Amino acid sequence: MRKSRILVLFGLLFCTFLCLNPGFQQFVEFPEQNLTQNQQLEPQFHGLWARIIKEERVVSNPTISVSSRGLDSGISEKIDVVYKLFGIFPIRSGEIEVMPPMKLIPGGQSIGVSLQTKGVLVVGQAAIEDKAGHKVFPAKEAGIEVGDTLLKINNQEVRTDQDVSNAVNLAGQENGVAHVIYKHQGQILEKFIKPLFCVETGRYRVGLFVRDEAAGVGTLSFIDPVTKQYGALGHVITDADTNQKLEVYNGKIMASTIYAIQKGKRGHPGEKIGSFVTNSSFSGTIEKNTITGIFGKLRGQLANPYYKEAIPVGWESEVKEGPAKIYTVIQGEKIEEFDINIDRVMYNRTDSKNMIVRVTDPRLLEATGGIIQGMSGSPIVQNGKLIGAVTHVFVNDSTRGYGVFIQNMINEGINNKEAA
């Protein structure tokens, strides 16, 4: 009996020592990751440690991926892994998700992006001069701020800047008060604003600059050959003046052609200068504007000359530091392949800044100075797998920037999962 107590006490002391030891904590740090169904979780301990520390694995309830992909739909399993000292005392636990296989066609095409917002975005305040010569801001004084979105004026939906102008002028003519319903920091609010007659324009105004659409050039990241769904840009579209996420009411993408490059330099990001192709061979809807890019469905013909068939998706756990390729357009509509290096991988982040990439290709450095605006969305391929897309450039070092995991784009944009 005494020996048993001594053994138990020794075991507890030994367990406490190991748990408090920084070196041991690092040694047993759980490898949180995602695996594909053809990968195996490697044992973390070998030799003597494998005898002292026992590993237990339990498969949780599977999650069925529900989509229109037919045979490509898969089952995502979760494995609970627990490490126990002598098979008794838990030391560390965690969860690993086994992902179903998926194949996508890398993009690289230069695209023109045009979208109309839900409501009309307030991008500035405009003074109105009253009869006494004083500058007045009726909307601002009522509480309307830059970044707010106008939704209705006198119970009429407003979708364009002209809708706002007409509704305000009519309110001023009829009863002198505009009932405005708007969104402020996610909340729906309402205000009553008295429009002021502007001698300069001959119309009633409330003193706002507004915008109802946005347009620009970016890069297509991938296409699903089965569903024709696409992902592009790798980051959210925001308003240039307010930096607010744009809520999409209607939008489309089409081919664009690049006719000039403004090279990037320290403190000044470069830019692709392009125009929309009138008779585009493809077009697509914009159904989502998310933190990891824009998503929708494509129509028409488009191809990547380097990848005529879909290639496997590389999940988060498969992304490694080291060389990779990106595909983008720097002249006309021709997709080209360039060398980069993945300098750092930041696992388990769910935003659009999951890895730091550095341009190493001399030809791309000569042409653009590195990563430039309009290159966002350029697909990243490593070891034959589509692993991500370029998203941002470092303002003070145009040779480097961020990339997003393709896994995060899929989860935000095209995956539709339900628990079975």
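**Close-up views of a predicted model**

**View 1. The largest nonpolar core.** In this predicted model, the largest nonpolar core is made of 21 residues, and Leu 220, Tyr 230, Ile 253, Ile 286 and Ile 294 have the most contacts inside it. At least two residues of this core come from each of these strands: E7 (110–125), E16, E17 (229–232), E18 (248–262) and E22 (293–300). Strand E7 is the one that gives the most, with five residues.

**View 2. The surroundings of Ile 253.** Let's zoom in on one of the residues with the most contacts inside the largest core, Ile 253. Which residues does Ile 253 touch, once its neighbours within four places in sequence are left aside? Its contacts include Ile 111, Gly 112 and Val 113. Leu 220 and Tyr 230 are also in contact with Ile 253, as are Ile 294 and Leu 298.

**View 3. Gln 229 in strand E17.** Here the focus moves to Gln 229, which lies in strand E17. Is Gln 229 buried or exposed? Gln 229 counts as buried because its relative accessibility is 19%, and the cut-off for buried is under 20%. Its side chain makes a polar contact with the side chain of Thr 227, at 3.1 Å. Not counting residues up to four places away in sequence, Gln 229 touches Phe 222, Ile 223 and Asp 224, together with Gly 296, Lys 297 and Ile 414.

**View 4. Strand E6 and its pairing partners.** Strand E6 (residues 103–106) pairs with strand E23 (residues 311–312) in the antiparallel sense, over two bridges. In this pairing, Leu 104 has Ile 311 of E23 as its bridge partner. Strand E6 also runs antiparallel to strand E16 (residues 208–223), and two bridges join them. Here Ile 105 stands opposite Ile 223 of E16.

View 5. Six strands form a closed barrel with antiparallel pairing, in the order E24-E25-E26-E29-E28-E27. From one strand to the next, the twist averages 40 degrees. Helix H7 (residues 406–413) packs on the sheet, where it touches E28 and strand E29 (397–405). The direction of H7 makes about 50 degrees with that of E29. For a look at one pairing, follow strand E27 (residues 379–382) and strand E28 (residues 385–394), which run antiparallel and are joined by four bridges. Ile 380 has Gly 388 in E28 as its bridge partner.

Note on methods. Residues are numbered from 1 along each chain as its sequence is written. This is a predicted model: local features need pLDDT of at least 70, side-chain atom pairs count only at pLDDT 80 or more; totals for chains, interfaces and linings use all residues. Side-chain values use heavy atoms; hydrogens and water are left out. Two strands pair if DSSP finds at least two bridges between them. A nonpolar core is a set of buried Ala, Val, Leu, Ile, Met, Phe, Trp, Tyr and Cys residues joined through side-chain atoms within 4.5 Å. Buried means under 20% relative accessible area, exposed over 50%, partly exposed in between (1.4 Å probe, protein chains only). Contact means heavy atoms within 4.5 Å. A polar contact is a pair of N or O atoms within 3.5 Å; within protein, one must be able to donate a hydrogen and the other to accept it, and residues adjacent in sequence count only if both atoms are side-chain atoms. Axes are lines fitted to C-alpha atoms, for helices over the stretch in contact, and angles run from 0 to 180 degrees between N-to-C directions.
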